[in-house]
Amino acid sequence: MAQKKLSGEVFLPSKAVVEKANVKDWDEMSKRAQEDYEGFWAAEAEKLHWFKKWDKVLDESNKPFYKWFTGATTNISYNCLDVHLSTWRRNKLALFWEGENGDFQSYSYYLLHKQVCKFANILKSMGVVKGDRVTIYMGRVPELVFAMLACARLGAIHSVVFGGFSVEALHERLEDSKSKVLIVSDGSYVRGKIVNLKKIADEALMRAATVEHVVVVRRTGHEINMEAGRDYWYHELSSLPMGNQGCEAEVLDAETPLFLLYTSGTTGKPKAILHTHGGYMVGTYTSLKYVFDIHEEDRFWCAADPGWITGHSYIVYGPLLTGVTSFMYEGAPTHPYPNRWWQLIEKYGINILYTAPTAIRGLMKYGDAWPQRHDLSSLRLLGTVGEPINPEAWKWYHRVIGRGECPIMDTWWQTETGMFMITPMPCVPLKPGSGTRPFPGLIMDIVNEDGESVKPNEEGFLIIKRPWPSMMRTIYNDPDRYVNQYWSRYPGYYLTGDSARRDEDGYYWIIGRVDDVIKVSGYRLGTAEIESALVSHTSVAEAAAIGLPHDVKGNAIHCFVILKEGVEGTAQLAEELRQHVGHEVGPIARPEQIEFVSSLPKTRSGKIMRRVLKAKALGIDPGNLSTLEE
């Protein structure tokens, strides 16, 4: 099929990439999914294990509380582990891990299954049954994966709290979920230092009435408080006879809750997004298999943290469902030197790297020499997640890390969606900075205030017009908030909270959260657009833009800029950057002020917290900072 000529800067996939790909013709797959949407998802679900098949693929009888694969029974932990044990994958490497200090562990599918059964039996002995909530608070260690899969095996609901959150954030999540058990590691290693997770947990537990037992995983070995009758060492429990018995996976209804994951809006109390076994399983399995073109021999590295949805879907569940070998690393990308990631890719022969634009920009500022010291030829695909990637960083990632040969899967999705929603596949022509098009079968649109579709290259609100299997089912204990926040503005359609534009080729460009749009003299300008313009300047490593009240313009643009190593911030450079943004975006986008800084406030998943910058500039309370990175 002849390829239509696309506008703008386009990177075409090589013949070799297309020939190897699981999907060779995106248009054909998309057409098939559109014509028989339920049939498309049913065919994917058939590739997984069900104790009992569904009566109905999609139940829309109680919109917007959609249900998928109703009447079916399954268990996601069974699909991640047990299904592989009767095949040659039994002895295949499922997960291998390196600690920041060089520690190493590896698990075949057989051994991983054994560890998960052991952990499930420990939880069972503590009275954990289907429907109970279990909170997990750890660094990036294999036991975190065991714990998640053990909960799923029993039908318990896991709530993973990122191992960098504060006492208050942990307490809030324990309290809201009413967790019965807390699983915590004694500490974790971050940039050569120990983060004392158990101490933080002890403080949170002083106010968490529902927690009956605490399982403590030894990682750092430093001295900690162990409260008799409440706290138990995991290594001691797992050596008891009960730990070595098998543990059958519970037969669960497809709509059985799998996990809660707390996500914070720009303000207000964090909300617990609820996902279920059946639909989430089908969505993560299908999306990973096609988007990252999973093959048996691949070594896949999602460099996120299991404490975020990216880690849930594409470190833990997606890779194990597809039977791929997955790598997990404990430490930071630049510790002890900026080549740590490149060293690991060379050492372990990683084929696929999936990470955040923040990490890419952070590594890019150290220049090309660090990655060029390493053999990165094992890489065949790259990916990005978490925020829009500016074209400059995209091109560096493609040219330097991917040697100009690795397609970049720029994915847009959310905690709420569970799976990739706007994404290319390796066979799709790429435009730097665009996530290309919605995943086959999905219907998405960009609309104005009145809900009408906007014209090409006009900005509007990104909405999803059709339910999908891995969608959130509700906000835990708050169904009204679920309806009001996501489904009420445009009845029948899911409001993502992001602004976007679609070009003349149908490619989507995410601009940012609706909150990250600055209105200057009546013009709506995306912070991502301004920041991309700044980062395209040779002196700039990273940038954040905010709008501050202005008597004439309504809002004026203020920018915070991190310069590349060795570049000095001067008044002359600030003016040069102002003019550069004016040239790249337009005079209306020229910043009122540029401030040079050494760091930016970010969430622990790497997103810039512009509201904190804004609050600081206005001298007001920045609100809840529990998601702020140290």
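For the classification of lining residues used here, Ala, Val, Leu, Ile, Met, Phe, Trp, Tyr, Cys and Pro count as nonpolar, Asp, Glu, Lys and Arg as charged, and the others, Gly among them, as polar. The structure examined is a predicted model.

A search of the whole structure identified 2 cavities of 30 Å³ or more. The second largest cavity holds about 30 Å³ of space. Its lining is formed by Val-160, Val-161, Phe-162, Phe-165, Arg-173, Leu-261, Tyr-262, Gly-307 and Trp-308. Two or more residues of this lining come from each of strand S7 (157–162) and strand S14 (257–263). The most is given by S7, which supplies 3 residues. By residue class, the lining of the second largest cavity comprises 7 nonpolar residues, 1 polar residue and 1 charged residue.

The cysteines were then considered. With a disulfide taken as a pair of cysteine sulfur atoms within 2.5 Å, the count for the model is 0 disulfides. Cys-247 takes part in no disulfide, and the nearest cysteine sulfur, belonging to Cys-117, lies 5.5 Å away. The relative accessible area of Cys-247 is 4%, and this residue is therefore buried, the cut-off for that class being under 20%. Cys-427 is likewise in no disulfide; the nearest cysteine sulfur is that of Cys-406, at 16 Å. Cys-427 is also buried, with a relative accessible area of 11%.

Conventions
Residues numbered from 1 in each chain as written. Predicted model: local features only at pLDDT ≥ 70, side-chain atom pairs only at ≥ 80, totals over all residues. Heavy atoms only, no water. 1 Å grid on protein atoms, 1.4 Å probe; cavity = no way out; pocket = protein on both sides within 12 Å on 5 of 7 lines; lining within 4 Å. Points joined across faces, edges and corners; volume = space filled by probe spheres on them. Helix = DSSP H or I, 4+ residues; strand = E, 2+ residues; numbered from the N terminus. Buried < 20%, exposed > 50% of the residue type's maximum accessible area, 1.4 Å probe, protein only.
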